[in-house]
Amino acid sequence: MKTKKIKLPKCAPYSKAHERYLRKNRNDKIIVLSFQILILVAFIGLWELLAQTGVIDPFFVSSPSRIFNMLSSMISDGSIWRHIGITLLETILGFGIATLGGTLLAIILWWSEKLRRVLEPYIVVLNSLPKIALGPIIILWVGSGMSAIIIMCVLICIVMTTISMLNAFMSCDNDKILLMKSMKANKLQIFWKLVLPNAMNDFISVLKINVGLAWVGTVMGEYISSSAGLGYLIVYGSQIFRIDLVMMSTVVLCLLAAIMYLMVSWLEKWHNR
Amino acid sequence: MKKLLDINKVNFFYQTKKEEICALRDLTFSVDELEFASIVGPSGCGKTTILSLIAGLLPASSGSIILGDEKVGKNNHEKIGYMFQRDHLFEWRTIWKNITLGIELQKPADKDEKLEFAKQLLKKYDLYEFQNRKPRELSGGMRQRVALIRTLVLQPMLLLLDEPFSALDFQTRVGVCDDVHHIIKSEKKTAILVTHDISEALSMSDKLVILSSRPATVKHIEILKLNGETPLLRREDPRFGALFDFVWKKLTNENEKN
């Protein structure tokens, strides 16, 4: 019969010093967390108080309660979901296409040294170009609307992805490649079993950066041309002086971006487990 | 003893933008079956280049390298096991996945036997219980043992060791030397060790090849007959000190020439 390994219970007898250490550790965590919450609550409370007492003009700076009312009314009439859905779709598509496409490009460039050398100056220029400058051209070519916004988003993310992933691929230890060669590995095997897994940590950093950049791309795109989405709401709200709408959309954007970042963090934890 | 490796008048040139550089000149030496040979020489003299030539990773400019009965070419990877300065274990793979990497890459016909052999090696050298661990959970010495087993799994004719202990601290290093020596001898392997550490070379090997500075050529070959089962014990042989001085002087002369 196989004997099962017995797991030690978590409350194994610790020494007094160790107990103190653990307690301090936990206390520190609680202190940090409570301060984080405190800052948020104080900020919101102060904002609300100043707006209620008329110290600041809610017409220009809105207030938490107005933002909340705006949000709940848009939730109850269901219109918020359309805007969130569109922005989310654009961002996820842009993020996905840029990440996969950029990585694929990096693979091709890693594979062919000639191509890499030929394209290097173009990539450098593309990287330093503010992609937003291409906005009008994109609209001219593909028309305004969702596809223009997604292209905007992809353009902003893809060059960085390609450069970072190429760097990650190129930084693979030469001796490791030699080791693979000494075991008769072909180039595809070298890539698949060494270079790619070796670049996983960099890939996750790229994902983290892209999460941020993709939101920039989408919102920028929506500023330039759109008829729906959170970026659209912000521009529309500011044009008709409905700061509540602007603030509410910003808050929702904040929450969405945070959720997406958290998901990548989980992915990182899972990868490093 | 039968000759396993015969290097005859090998020259090696490589090109840089400025000039053509001669790295090896008329290099000639041989290694017998089951022999443990070490190559020492001034730093930068081209020791690693020699290993690359033997492994067929670089082509010799002229001369011949014969391994077994065949001339070394691009396709003699199966006959060679290569060990590097660092263990180069793949951190994302378990120990088992690391040592079976070569089998995975080559997909040999006798895959099952090789996998069984890998398991035997792990058991024999006390790594079996670590097979599902990741490399970062192992000590430096254990990692080097895993790296050696990874090359042994493919049952190479000749092991090439390129300063495999240089990244370890001294105490671990002496222990790992013993380990590696023991494994190589008990698996009945022929090995060539490249090192800059004279005492390491003396304690581990049966034959010592001393190279000149670049372009490297064989300056002296010393057959060693130190008493002692393990490298550590051999360091206690009364002749060890004299031999050390002898090699030291040979190498110092070379360094001064530069």
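Good morning, colleagues. Please bear in mind throughout that this is a predicted model.

I begin with the domains of chain A. The chain is divided into domain 1, residues 17-56, and domain 2, residues 71-272. Taken over C-alpha atoms, the centres of domain 1 and domain 2 of chain A are separated by 33 Å.

The largest share comes from α12(A), with seven residues.

I turn now to the largest pocket. The space within it is about 570 Å³. It is lined by 19 residues, and nearest its centre lie Pro197(A), Met200(A), His271(A), Asn272(A) and Trp92(B). The elements that supply two or more lining residues are α9 (187-198), α10 and α12 (243-272), which belong to chain A. Of the elements, α10(A) gives the most to this lining, namely five residues. The lining of the largest pocket divides into nine nonpolar, four polar and six charged residues.

How many cavities of 30 Å³ or more does a search of the whole structure find? The search finds three. The largest cavity has a volume of about 50 Å³. Among the residues lining it are Ile138(A), Ile139(A), Met152(A) and Ile224(A). The elements giving two or more residues to that lining are α6 (135-142), α7 (146-170) and α10 (200-224) of chain A. By class, the lining of the largest cavity has six nonpolar residues, three polar and no charged.

Finally, a word on the cysteines. Over all chains, the count of disulfides is zero. Are Cys172(A) and Cys177(B) buried or exposed? The cut-off for buried is under 20% relative accessible area. Cys172(A) counts as buried because its relative accessibility is 6%. Cys177(B), at 2% relative accessibility, therefore also counts as buried.

Thank you for your attention.

Terms used:
Residues are numbered from 1 along each chain as its sequence is written. Chains are lettered from A and ligands numbered from 1 in the order in which they are written. This is a predicted model: local features need pLDDT of at least 70, side-chain atom pairs count only at pLDDT 80 or more; totals for chains, interfaces and linings use all residues. Side-chain values use heavy atoms; hydrogens and water are left out. A disulfide is a pair of cysteine sulfur atoms within 2.5 Å. Buried means under 20% relative accessible area, exposed over 50%, partly exposed in between (1.4 Å probe, protein chains only). Domain bounds come from an automatic or database domain assignment. On a 1 Å grid over the protein atoms alone, a cavity is a set of points where a 1.4 Å probe fits but cannot get out, and a pocket is an open set with protein on both sides within 12 Å along at least five of seven lines; lining residues have an atom within 4 Å of a point. Grid points are joined across faces, edges and corners, and a volume is the space filled by probe spheres set on the points. Helices (H or I, at least four residues) and strands (E, at least two) are DSSP runs, numbered from the N terminus. Ala, Val, Leu, Ile, Met, Phe, Trp, Tyr, Cys and Pro count as nonpolar, Asp, Glu, Lys and Arg as charged, and the others, Gly among them, as polar.
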